[in-house]
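Subject: Structure handover

Hello,

Here is the structure I said I would pass on. Please look through it first and then read the notes below.

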Amino acid sequence: MSNKLEGLKKHTIVVADTGDFEAIEKFHPRDATTNPSLILKAAKDSRYKHLIEDAIEWAKGRTLHDTFLNAVVHKIFVNFGLEILKVVEGRVSTEVDARLSFDKQASLDLAHTYIAMYEEAGISKDRILIKLASTWEGIEACRVLEKEGIHCNMTLMFNKEQAIAAAEAGATLISPFVGRIMDYQKADEGRDSIPASEDKGVLSVTDIYHYYKKHGYSTEIMGASFRNTDEILALAGCDLLTISPDLLDQLAEATGDVPRMLLEKEAGSKGSEKMHVDENAFRWALNEDPMATLKLSEGIRNFAKDTRTLEQFLLENFPIEQSHGDSKAM
């Protein structure tokens with residue numbers, strides 16, 4: 001009998017949610033995703049010190065709109081992406097600085113910088129997904145990038161209106177955060193555990209899946225931020241699922257059949273009627289959704305905090321000198 005990870009792969013593309021490319025190689029996922037929290041953890045691992053040193057050398061003498069420190073951080077993100085691309089056959093997601101979540105133009109500038117860095121290293125933009133927070137400004141930046149042929153992964157997604165706006169902007173992929181929705185639900189309802197059948201994170205992705213398939217959107221859905229394997233298995237059949245190494249381990253060690261739970265043929269009857277989400281509708285829907293409002297802002301703050309922590313770690317442990325430019329954090 002095959003393990004549940006192999007069973008899941010029959011229905012869904014499995015993506016590794018980590019910056020540790022040695023862990024990625026172990027599980028043979030098609031794609032991989034990173035974020036500032038994962039890069040911070042990996043950057044502190046002595047095995048990857050050479051990637052930081054390379055980023056510092058790369059940034060020296062370059063004329064960039066960034067400060068020197070920001071240029072180093074951006075190159076570190078790309079360096080980890082380059083290593084990941086050596087062990088996956090598909091794509092890597094590289095995240096725009098969370099502090100730019102409400103600045104469309106600055107998000108575009110950094111996305112273009114990332115793509116230029118990858119192309120300089122010989123990697124086609126087709127293998128890169130630019131991760132943007134699912135704010136209105138992030139979605140509008142996605143609209144521009146997708147028209148330029150730069151693929152986007154809309155992250156920090158917590159409600160249907162965010163998903164619809166992203167699809168209407170032409171996003172290649174969305175990452176609804178299943179586990180963080182369940183975290184809110186547990187606190188709100190005073191429950192220690194919630195079965196997958198009642199898990200509002202699972203139910204949200206299921207609803208988005210049926211909506212997308214019913215109305216013919218090409219945007220892919222990638223469930224993310226899982227807390228347990230029950231959530232993952234309840235979404236078997238979703239286009240993609242990005243999973244942390246510890247949960248990949250649990251799936252690989254478990255045996256049994258994995259039935260497909262999401263079926264495109266059911267979308268016609270289960271998908272809701274089509275909605276158009278403009279800026280006013282988007283902002284009002286977030287205002288009316290305490291969970292999405294809290295989790296979006298919390299996610300942006302935490303990713304920004306981890307980026308600042310990474311910057312401080314670099315300043316304290318590597319020779320980043322003022323002579324190379326202003327090393328002050330954003």
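Which residues lie nearest the centre of the largest cavity? Among its 13 lining residues, they are Val96, Asp97, Ser101, Leu132 and Ala133. About 70 Å³ of space lies in this cavity, and strand β4 gives the most to its lining, with three residues. Searching the whole structure finds three cavities of 30 Å³ or more.

Before the rest, some ground rules. This is a predicted model, in which local features need pLDDT of at least 70 and side-chain atom pairs count only at pLDDT 80 or more, while totals for chains, interfaces and linings use all residues. Residues are numbered from 1 along each chain as its sequence is written, and side-chain values use heavy atoms, with hydrogens and water left out.

Cavities and pockets are found on a 1 Å grid over the protein atoms alone: in a cavity a 1.4 Å probe fits but cannot get out, a pocket is an open set of points with protein on both sides within 12 Å along at least five of seven lines, and lining residues have an atom within 4 Å of a point. Grid points are joined across faces, edges and corners, and a volume is the space filled by probe spheres set on the points. Helices (H or I, at least four residues) and strands (E, at least two) are DSSP runs, numbered from the N terminus.

The largest pocket holds about 440 Å³ of space. Its lining has 25 residues, with Asp17, Asn35, Arg180, Ser225 and Arg227 nearest the centre. Helix α15 gives the most to this lining, four residues.

Now the strands. Eight of them form a closed barrel in the order β1-β2-β3-β4-β5-β6-β7-β8, with parallel pairing (two strands pair if DSSP finds at least two bridges between them). Strands β1 (residues 13–17) and β2 (residues 31–33) run parallel and are joined by three bridges. In this pairing, aspartate 17 stands opposite threonine 33 in β2.

Next, the aromatic rings. The whole structure has eight aromatic pairs (rings of Phe, Tyr and Trp, the last by its six-membered ring, with centres within 6.5 Å; planes under 30 degrees apart are stacked, over 60 edge-to-face and the rest tilted). One of them is the tilted pair of phenylalanine 21 and phenylalanine 80, 6.2 Å centre to centre with 50 degrees between the planes. Phenylalanine 21 is in helix α2 (residues 21–27) and phenylalanine 80 in helix α5 (residues 68–85), so the pair ties together parts 59 residues apart in sequence. Both phenylalanine 21 and phenylalanine 80 are buried (under 20% relative accessible area, with exposed over 50% and partly exposed in between, for a 1.4 Å probe and protein chains only). The rings of phenylalanine 158 and phenylalanine 177 have centres 5.6 Å apart and planes at 75 degrees, so this pair is edge-to-face. Phenylalanine 158 and phenylalanine 177 are both buried. Ring pairs also link Phe21, Tyr48 and Phe80 into a cluster.

Last, valine 277, which is in the loop between α13 (267–270) and α14 (279–287). Is valine 277 buried or exposed? Valine 277 is buried, with a relative accessible area of 4%. Leaving aside neighbours within four places in sequence, valine 277 is in contact (heavy atoms within 4.5 Å) with Trp136, Glu161, Ile164, Ala165, Glu168 and Phe282.

Regards
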